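Hi,

Here is the structure I promised to pass on.

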Amino acid sequence: MADESPQQQTPDSLMLFGFWYRALPSERAGRGKLVKAMLLEVPLVIGRDKQRRPFALRDACPHRGMPLSFGWFDGEQVECSYHGWRFEAHTGQCQLIPSLTSDQKFRVDRIYAGSFPCEEHDDYIWVYIPEPAPAGAGFTKAAAPPVPAPRVPTFSQKYKIAYLTADLPCSVDHGIIGLMDPAHGPFVHQAWWWRSRQSIHEKQKNFEPIPYGFRMSAHTPSSNSAPYKLLRLYADADSITTTIDFVLPNMRVETIRAGKYWFSSLTTVTPITRDHCRIDVVAAWNIFRWMPFGPQLLKFVFAKFVRQDQETMEKQSEGLKHNPHLMLIDDADRPAKWYFQLKQAYLEARRNGVEMQHPMTGPVTLKWRS
Ligand code: FES
Ligand SMILES: [Fe+2]
């Protein structure tokens with residue numbers, strides 16, 4: 001192990017631009033409605049056109065800054081509530097400035113409301129947040145995203161899907177390291193059907209580097225939780241393999257496979273402002289599809305977990321208000337250290353315009369008790 005001493009670490013709350021982020025659950029955006037959202041301190045207005053295709057514009061009119069979300073939307077154009085400028089919803093291109101007289105040759109089509117690439121998958125509207133444009137650059141067309149928005153992994157034609165969302169009163173860094181922290185389980189997530197403090201035992205897990213992140217390698221999940229025992233029985237599978245990936249900027253992807261059955265989830269922790277984030281979990285599965293209450297049951301279980309994490313982070317934020325010194329210890333906090341190193345490596349590569357240097361050089365085995 002590289003360093004045995006506790007590491008003093010204060011998470012910086014730098015937010016990573018140039019990635020896709022979940023803006024809001026699909027069902028919150030209705031046709032003809034303008035909905036406010038915020039990502040990385042960028043105010044957005046989100047809506048759907050007549051074909052139900054979503055769009056995202058900066059929630060500030062390029063004329064005098066009025067939030068466009070106070071305006072009107074006819075299914076094609078967004079009209080600002082202050083002076084009636086009209087913008088094409090997807091490109092943000094200005095279509096009309098009502099105050100212009102017919103002999104005033106002002107080029108309306110050269111004006112853009114800021115617009116962002118927008119995709120809809122797996123019950124969410126995703127928005128690509130590019131690097132902020134240099135100051136004074138003015139509004140132009142949206143930059144094309146380098147990759148499509150992330151998807152929840154699926155392994156069969158038919159499956160069920162459900163989502164959960166919760167606000168967290170902390171920086172995205174605390175949200176993320178709270179998500180990957182293995183040592184809080186027995187203290188925060190106690191339940192008779194899951195595990196108790198008495199069941200704490202030593203664990204050993206293998207990790208390996210993957211692009212922009214790391215993977216907890218496939219293994220047979222710990223035997224101290226009832227749901228896994230049940231699953232093994234039900235699927236009639238000799239083994240259950242689980243992989244948990246963390247990938248920058250904010251994604252945890254878990255897949256569990258047992259024979260022809262599978263369960264997967266894509267969890268994201270999204271920076272809203274520098275001291276506020278949101279956790280969104282989308283799960284998909286073909287296990288228990290025959291059960292009438294399958295999705296509700298699963299949602300209930302997940303909701304309980306997320307609520308426990310949320311309550312914990314609400315309490316933690318009281319302590320963090322006063323900027324205490326923090327430490328990350330081996331091995332339980334090693335994933336958190338990797339997260340900070342990955343983030344640093346990403347920012348450094350971007351600054352210098354070079355390829356990102358992965359902080360991990362190869363597979364690593366970590367040990368902890370939980
Ligand atoms: S502020 Fe929007 S039209 Fe003037
Ligand atoms: Fe948790």
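Below is what I found in it.

This is a predicted model, where local features need pLDDT of at least 70 and side-chain atom pairs count only at pLDDT 80 or more, while totals for chains, interfaces and linings use all residues. Residues are numbered from 1 along each chain as its sequence is written, and chains are lettered from A and ligands numbered from 1 in the order in which they are written.

On confidence: the protein chain averages a pLDDT (the predictor's confidence in each residue, from 0 to 100) of 88, and 85% of the residues score at least 70. Residues 1-5 fall below 50, and beyond near neighbours in sequence that stretch has two contacts in the model. A contact here is two residues whose C-beta atoms, placed from the backbone, lie within 7 Å.

The chain has five helices and 21 strands (DSSP runs numbered from the N terminus: helices are H or I, at least four residues, and strands are E, at least two). Of the contacts with a separation of 6 or more, 60% come from residues 24 or more positions apart.

One bit to look at is an open, antiparallel sheet of three strands, ordered β2-β12-β11. β2 (19-25) and β11 (118-121) each have a single partner strand, so one side of each has no neighbour in the sheet. β2 and β12 (residues 124-129) pair in the antiparallel sense over six bridges; pairing takes at least two DSSP bridges between two strands.

Cheers
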